[in-house]
Amino acid sequence: MSPTQWDLPVELCCRPMAFVTLTGLDVVYNAVHRAVWDAFCANRRADRVPISFKVLPGDHEYPKCRPKRTSYEWYIPKGILKTGWMNKHLNLVPALVVVFYELDWDEPQWKEKQSECATRVEIVRQSLQGRNTKVAVVLIQKKTPLPPGEDVIASERAAALCNACELSGKSLFVLPHTDHLVGYIIRLENAFYEHAQTYYYTEIRRVKSHKEFLNKTTHQLLFVRHQFKIAFFSELKQDTQNALKNYRTAYNLVHELRAHETNILEIKTMAGFINYKICRLCFQHNTPLDAIAQFRKHIDLCKKKIGSAELSFEHAAWMSKQFQAFGDLFDEAIKLGLTAIQTQNPGFYYQQAAYYAQERKQLAKSLCNHEASVMYPNPDPLETQTGVLDFYGQRSWRQGILSFDLSDPEKEKVGVLAIQLKERNVAHSEIIITLLSNAVAQFKKYKCPRMKSHLMVQMGEEYYYAKDYTKALKLLDYVMCDYRSEGWWTLLTSILTTALKCSYLMAQLKDYITYSLELLGRASTLKDDQKSRIEKNLINVLMNESPDPEPDCDIFAGKTAQKLWADRISLAGSNIFTIGVQDFVPFVQCKAKFHAPSFHVDVPVEFDIYLKADCPHPIRFSKLCVSFNNQEYNQFCVIEEASKANEVLENPTQGKMCLVPGKTRKLLFKFVAKTEDVGKKIEITSVDLALGNETGRCVVLNWQGGGGDAASSQEALQAARSFKRRPKLPDNEVHWDSIIIQASTMIISRVPNISVHLQHEPPALTNEMYCLVVTVQSHEKTQIRDVKLTAGLKPGQDANLTQKTHVTLHGTELCDESYPALLTDIPVGDLHPGEQLEKMLYVRCGTVGSRMFLVYVSYLINTTAEEKEIVCKCHKDETVTIETVFPFDVAVKFVSTKFEHLERVYADIPFLLMTDLLSASPWALTVVSSELQLAPSMTTVDQLESQVDNVVLQTGESASECFCLRCPSLGNVEGGVATGHYIISWKRTSAMENIPVIRTVITLPHVIVENIPLHVNADLPSFGRVRESLPVKYHLQNKTDFVQDVEISVEPSDAFMFSGLKQIRLPAQAFYSYQYFCQATGSTHG
């Protein structure tokens, strides 16, 4: 039996399609025939009918048909299904034979051609004697045929040809060789498909007719066989629903067979075949749940049908193949559009297949462990005359024997021995690895990381058993990261143990050291005696000696490994191995911690390195180096203790570099930072701890940053969440979990010993030169030099503030936009102890609001740190927030000459402009002068002079001015007429004389000007006397370009008598006088 006997037959796994043979085509030498064949075979899309074509010669010998049995009364079947039956009906016995013949309807030699064609058909019929295979004729013609009924000659000759060939009219076809060849071919295919379906329908009826002669006593196998054949023919007919129904019936019949050790393999084999067909059709019908349910039922029914105990590995192999085949079907269905889920995907079936393959391997190991002297039987009991079995699932040495009693026990024993010896040569690990690989791919696809990791571990172990240690290490290394990150320490220990064996057997120095370091650590669950053995081996490797063999290794592989280690010792090469520990958990832990988050540059930087060993015995390290982002500090942080290689485990309590298991070792380092690093961060980039020395081998453990390994973050999280009280330790010891890594510190400048005071009078007024007095006093014990001042608007504020804030040291000039918002590095000289200086700063703020101003003083001073003289740059800054407000509010209004409020003014008629200046400053303001700048559209009635020169306004006081103006006629101006500007020159009353005056320009509002046609002006005395006449004169002025007549009427009043016309009509350009006679005192109205 071959190692691949458990693979399902190809003809079982393929999709059954109707088999049609084509004869009469010379596809090698005839181009027309070749084109016809290509049209049948090339580019067959899914929408074309499912037919399998094959070109055969006309005289091809088809399988002979056995004579039909008239009775089954004395017939005893020898098996369920013959091994060649499916292949016979898929590839040997056609449903239809098509005879191609070149013949046109107008052929001159028609009679001869007709006779030749009939002869060919007869030859085909002779070769198919006894078969129900259909025969058809296709005439290849050069011309396109006329529509049916139009070509009389064609109809007559077609009938004659059918008679000569004994064919019905439906079996004669015409194939014109034209540009539309593919279209004609597709039509031919559809006709062929109908003939094929008729053939398979006939075959189904023929098989069904046999069932009438069967009895359940002696013909149980035939019931299964016939039901399987009916289902298979239904598949060929593409009637998948009936095929599924018949396969289910056949499956039930298989399990009704009486099972015995002699036929159990045949029953399981056929059950597996039929189950495969059922599951495949369920997936094809898009009913995956039915397929899964059928498979589970199949496994439940068969898993206990083990058979011979001596060949129990065969049952495991068969079970493995069942799961693998279903996984393949499931995966194929997914590729065709089926949706799988995380908990139900092909990976689980591949995993189970691998499990049974592993079980097969274990059983084979225990059952096939024959002595080397046991020879393979001769002659071979597993060979047959034909090279294949007659029936599926039978033993080659007793084919067709259905008796439950073994007729020849000796032959049975020899056959079992041959199977066992052949099983010993099977590459079990390769089978297992392939299945596990398939499962891993599925679990990766459906995002099941833990399942994927679990199976990858099994793959690695199988590679180890297969002695492919390189691949084993690659896989195990990959999954270790997941188990470390999730804290599966027991699983990790098991993986590390296997990895250590692989590295030992390959004599991989660095890998062997790395795995040893981790197996000695806190993540390892090994017992102390095992750790002691590993620690001893590690020291041997560091002393350039061979380690002791790892337990449970293959004897032959162990001897090979010893030779490899001997070669490693003799070869000269690099003896220093640097191992980064951030990705694994070594037996030494390291934490670095600066004493403070920042250090002044004149104070030594101090930090501690904490070390803790988890190995069984005390151990001595040779060197400790700390590296920084500024490598100039590396030289100050090195501890080195010279020791011999054999002293690693000796004198454990002597020296700083000796670590006692479970005890925390603290090492203090200090150095003086460089002045150029002020403002920079000093970071510990790595900590290197060397084990061994360069004369033997040296391992350098490298911690990135301030320490910590793959398990540190998880342990720190657990410690933070733990409420467990820590035991009290001696003063010189600390709890390891309480140490928090602090791998960086900031170098800051020396603490300044100066005072900076700011003197000013807030708030600032808009656009004034606001004075800020800066006083700097030195309290240093020595002279400070290179004192510099930076002052102005603090950076980082609103960009609009930066544009509207200007700073200068010279208050005698007004700042414009060219002045900066911040003055930097203003040199102010040196200062002796106790000496002070003042600096005046002038700020001009163009907008109101709060501003933050910065005054930054820096200087240099000589000092000492750790008996080393250094030059320190110190600085001190002060900030102040200054509010900027408007100095005053200006109100403007227009009134008539009688001081009546005007919404609008009239052309050429005088009116008054009144300004009211209200002080909003908390400090006294001096209004130096004011100025009215009129727009061209305005004219003054009298001389414009300032009425508020040198007026001092306290908070809340106001100063008013009044100007008499006239607006000429300008026509209708939309939006009113511009008045001009009101300019106020002012300064703080308390400001020094040299401070420039601030000019504030107020834009006056526009005024609406109206033109009136008639202007009336009354000329009245300022007062009158009772019972005396009061002369009143009215002036009328025509403002238009036309003569206007006006009518004047005077209404009487109780307070006056008047003389003159009560009503008069006269031209507008005139004046008229009245004499009034007062009759009452007081303010009266007429």
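Pro379 is located in the loop that runs between helix H12 (346-367) and helix H13 (409-424), where helices (H or I, at least four residues) and strands (E, at least two) are DSSP runs numbered from the N terminus. The peptide bond leading from Asn378 into Pro379 is cis, with omega near 5°. The structure is a predicted model, in which local features need pLDDT of at least 70 and side-chain atom pairs count only at pLDDT 80 or more, whereas totals for chains, interfaces and linings use all residues. Residues are numbered from 1 along each chain as its sequence is written, and side-chain values use heavy atoms, with hydrogens and water left out.

A cis peptide bond also joins Pro762 and Pro763, with omega of about 0°. Pro763 belongs to the loop between strand S18 (754-759) and strand S19 (764-765). Asn767 is not a glycine, although its phi is positive, at about 70°. With a relative accessible area of 25%, Asn767 is partly exposed; buried denotes under 20% relative accessible area, exposed over 50%, and partly exposed the range in between (1.4 Å probe, protein chains only). A positive phi, near 65°, is also found at Phe899, a residue other than glycine. Phe899 lies in the loop between strand S27 (888-895) and strand S28 (905-906), and its relative accessible area of 55% places it in the exposed class.

The protein chain is divided into domain 1 (588-642 + 656-720 + 737-748), domain 2 (754-885), domain 3 (888-1010) and domain 4 (1014-1080), with bounds that come from an automatic or database domain assignment. The centres of domain 2 and domain 3, taken over C-alpha atoms, are separated by 39 Å. Contact, defined as heavy atoms within 4.5 Å, links 16 residues of domain 2 with 13 residues of domain 3. About 1,100 Å² is buried between domain 2 and domain 3, 65% of it on carbon and sulfur atoms; buried area is the accessible area (1.4 Å probe) that two parts lose on being put together, summed over both. On the domain 2 side, the most area is lost to domain 3 by Glu761, Leu765 and Thr812, which together account for 40% of what that side buries.

Ala907 occupies the loop between S28 and strand S29 (911-919) and is buried, at 8% relative accessibility. Its C-alpha atom is 4.9 Å from that of Ser969, a residue 62 positions away in sequence. When neighbours within four places in sequence are left aside, the contacts of Ala907 are Cys967, Pro968, Ser969, Val1009, Glu1010 and Asn1011.

Helix H18 (residues 509-519) has nine buried residues out of eleven and is therefore largely enclosed by the rest of the structure. The buried set comprises Leu509, Tyr512, Ile513, Thr514, Tyr515, Ser516, Leu517, Glu518 and Leu519. Their covering includes helix H16 (469-486), helix H17 (489-506), helix H19 (528-542), H20, strand S6 (576-580) and strand S16 (698-704). Ala561 is placed in helix H20 (residues 555-570) and is buried, with a relative accessible area of 0%. Beyond its neighbours within four places in sequence, Ala561 is in contact with Tyr504 and Leu505. The C-alpha atoms of Ala561 and Tyr504 are 6.8 Å apart, although 57 residues separate the two along the chain.

Thr287 is situated in the loop between helix H9 (264-284) and helix H10 (288-302) and is partly exposed, at 27% relative accessibility. A C-alpha separation of 9.6 Å is found between Thr287 and Leu338, which are 51 residues apart along the chain.

The largest pocket holds about 910 Å³ of space. A pocket is an open set of points on a 1 Å grid over the protein atoms alone, where a 1.4 Å probe fits, with protein on both sides within 12 Å along at least five of seven lines; lining residues have an atom within 4 Å of a point. The volume is the space filled by probe spheres set on the points, which are joined across faces, edges and corners. Among the 35 lining residues, Arg66, Trp85, Lys88, Arg206 and Lys229 are the closest to the centre of the largest pocket. Two or more lining residues come from each of helix H3 (85-92), helix H6 (181-210) and helix H7 (220-236). The lining comprises 14 nonpolar, eight polar and 13 charged residues, with Ala, Val, Leu, Ile, Met, Phe, Trp, Tyr, Cys and Pro counted as nonpolar, Asp, Glu, Lys and Arg as charged, and the others, Gly among them, as polar.
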